[in-house]
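Grab the model and follow along.

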Amino acid sequence: MSRKIFISFLNLLLFTQAFAQLQIKVVNINNKQPVVNAHIYDESKNLLGKTNDQGIFYINNKEDKILILADSFAKKTETLGKLNKTIYLFPPKTNPKSDPLALKIIQKSWINRSKNNPDFLENYRFNSYVKFTLDVPSDSVKYITNPKRKLDSLNNAFKQLLEKNLLFIGERIMVYKYDKKYGKKAIITAYKAGGLNNPELYNISMSQSMVNTYPEILKPKEIQNNVVKFIDSLNINGRKTYEILMYSKGKSETQFYRNLDIFVDAESFALVKILGNTSKISDVYYEIVYTPYQGIWHAESEYMKTKILSKNFINKINKILPKGLHTITKLTTTSTVESHFLNFESPVSFTAKEFQGYEYQIDKNVSQNSNEKIASLRTDSLTLREASTYNQLNKIFQKYKLESKLRFLRSLSSGELELSFFSLDLYNLFSHNMYESFRYQLGGHTNYKLSTNFQIGGYIAKATRDEEVKAGGEIKFFINKKQGGELSFKAETDVLPAGRTKIKYLTPKDEISAKSNNIYNDTYFSYRKLELSYQQDFFKNLDITFSVDYQRQRAEFDYLFKDYNKDTWFNFVNTAIRLRYAPKVKYLETPVGRTTFKDSPPYYYLTYSKSWNLFDRSTATHRLYLSAVYTFMNKLGNTKITGNLGAIFGETPIMNTYEGMGVAKHGHNLWGRFSVRGFQSFETMDPASFFSDKFASIQFTHYLRPIRVSEFKSLHFALIYNGLIGTMKNKSDHQLLDFDVPKDYYQEFGVEANKLLLGIIGVGVYCRLGAYQVSNLDKNLYIKLTLEI
């Protein structure tokens with residue numbers, strides 16, 4: 001009996017091994033003949049075997065990368081995925097020209113991309129199953145034979161954990177809907193993640209998927225920078241299919257930055273399959289398989305593998321670790337996202353209500369019966385290692401309360417620390433400016449744990465230089481959650497720099513960067529404000545805010561407006577509309593509100609406000625402000641352009657005009673002016689030195705491609721150019737304050753070397769040019785620290 005059990009176990013083991021193997025075929029790129037006796041090595045240069053007389057070699061699919069060496073061919077490194085693949089070897093010197101036939105086929109594929117896409121249909125619906133994993137090889141950590149310290153034992157325990165488990169696993173079920181009349185909808189109906197109960201903490205960006213989207217890497221602009229070769233015509237699922245190899249070379253003949261095997265249907269020119277590296281720099285590997293359906297082609301499966309940490313990174317860590325501490329040897333975390341798209345059907349019947357809200361949504365019942373829902377669409381059973389990972393992570397997270405600690409780390413990036421039903425504002429705990437000196441502020445707001453229908457917030461602040469206590473309070477009602485509708489009542493007493501436009505819709509990262517804008521500014525005014533506003537995303541990417549407020553203002557600097565007294569409190573009733581249009585931003589609608597999961601330019605901002613002359617010491621004005629932010633990728637790097645326009649019609653105190661956004665520190669010499677770079681600012685301009693009622697400005701930053709100087713170091717240079725021009729109709733209305741109007745065009749140029757220290761701190765040198773430069777060159781130069789967060 002035991003013998004039968006042993007034989008059954010052996011057969012099962014052999015079946016498992018066969019199932020886990022990939023077939024690799026090595027072929028000569030020139031004559032398409034198999035390469036015999038090609039040597040196959042793993043990443044550690046260990047020989048795995050040789051190809052047979054058909055050029056075929058079977059390999060365990062746990063191998064991430066292999067190195068192929070063969071006589072008369074250049075060596076080649078190839079990433080492996082889930083599918084069998086053919087690897088093409090090149091002679092040492094290869095003709096880098098593309099084949100006209102291959103270019104023609106890819107071009108036709110691009111031309112026909114719309115009618116081959118599922119969106120060519122009137123409507124459709126399908127489900128998706130996604131599995132996400134993080135894996136670390138167990139030999140990444142050296143085993144300590146005689147552990148003497150608690151840290152040694154922890155090291156060995158971690159190594160044993162990696163031998164039988166992944167680092168992380170999560171699964172997700174979605175339903176996709178499309179209708180030409182109503183648009184698109186992608187709803188997460190179930191997911192689970194090892195050790196995590198809070199779905200907000202498990203948010204894999206869906207923007208990475210190329211499902212039913214023509215891949216960016218095959219666009220005509222991308223093809224121009226690569227070599228494409230026609231390989232062969234073959235039969236896939238009874239259809240004639242073209243095979244094309246696309247690659248781009250690095251600095252050496254054997255270095256391939258892009259290496260894609262592309263299969264195109266000969267009849268429809270639709271994409272059938274794509275396998276390979278999209279970029280060696282980012283080390284991302286894709287496999288996408290498409291299938292025909294009623295004249296179109298839709299994605300059937302998608303696999304993406306990304307190396308998150310490199311050996312170079314680990315070498316840096318080991319140099320920092322104290323001597324005697326266990327050494328990490330080759331930690332390389334591999335992220336995989338494996339997707340299967342099921343139950344594709346068309347035509348289907350939809351209602352407009354099904355497409356309300358944002359394109360991406362988490363179902364309110366996402367946590368109910370998640371195991372059953374996931375199991376019903378899981379294409380393959382979990383491996384023993386994957387199932388074990390779920391169990392181990394649940395135990396570890398519960399024992400060490402890791403979920404709450406992850407929530408804390410997440411709060412640091414969002415600027416809010418969740419304390420039960422209250423979220424503490426972290427970014428404004430401390431700040432500095434020349435008027436208040438050091439400012440300390442305590443505030444925050446309630447979160448969804450108290451209510452998903454309203455939010456109460458507020459703050460109180462005290463500075464070391466002025467005696468006034470600042471405070472504010474706000475209550476928000478979430479009126480239309482599907483479109484981010486918020487009705488808000490706010491009361492506030494505080495101070496602001498004169499002429500600074502308070503930008504709405506800043507990201508947490510931008511808010512941190514903007515903290516340096518007021519460090520050297522002492523031209524502040526006090527205000528008391530009551531405001532009623534309503535904000536909503538009316539067209540999914542267009543946020544509109546309507547507001548009305550009553551505000552009192554008084555200058556806290558030496559200033560006289562017309563014939564009013566210096567201590568006059570001005571009274572204003574303002575109505576305003578503010579717009580933000582961000583066409584590329586993607587929102588995820590959750591049961592407790594919307595969250596941004598993909599954020600990229602361009603951004604457009606428009607504010608129009610009217611001040612009504614309803615009280616004594618008030619003025620009637622129209623105020624217009626327009627801003628746009630663009631980014632462009634090119635061969636030389638990344639360019640960011642910010643343009644601003646502003647105009648005021650009517651008379652108003654200097655506090656409500658436009659200040660030049662100067663952030664320079666005043667000093668008599670170069671080192672006396674040493675300071676910190678600002679955000680969307682002028683680095684060589686003193687604060688409150690330029691004001692205008694109509695202006696235009698441009699801020700140009702070009703980030704050059706990183707220059708690698710050693711195995712562990714790259715240089716990050718940026719070129720800066722800023723320009724400002726403006727006018728002021730009645731400058732004589734503003735007395736006592738000494739300032740200029742930038743009517744002669746203010747401009748400056750700078751060079752930055754960023755990320756020199758700790759990956760965020762750098763240094764920049766900036767020079768004032770043109771009409772406002774002074775005769776002494778030293779007085780035109782400024783040196784500043786840069787912070788790249």
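**Exercise 1.** Work out the accessible surface of the chain and the share that belongs to carbon and sulfur atoms.

Solution. Run Shrake-Rupley with a 1.4 Å probe. The surface comes to about 40,100 Å², and 56% of that belongs to carbon and sulfur atoms. Before going on, note that this is a predicted model: local features need pLDDT of at least 70, side-chain atom pairs need 80 or more, and totals for chains, interfaces and linings use all residues. Numbering starts from 1 along each chain as its sequence is written, and side-chain values use heavy atoms, with hydrogens and water left out.

**Exercise 2.** Classify the ring pair of Tyr581 and Tyr604.

Solution. Start with the rule: rings of Phe, Tyr and Trp (its six-membered ring) pair if their centres lie within 6.5 Å, and planes under 30 degrees apart are stacked, over 60 edge-to-face, the rest tilted. That rule gives 38 aromatic pairs. For Tyr581 and Tyr604, the centres are 6.0 Å apart with 25° between the planes, a stacked pair.

**Exercise 3.** Is Tyr581 buried or exposed, or in between?

Solution. Apply the cut-offs: buried is under 20% relative accessible area, exposed over 50%, partly exposed in between (1.4 Å probe, protein chains only). Tyr581 has 39% relative accessibility, so Tyr581 is partly exposed. Tyr604, at 28%, is partly exposed too.
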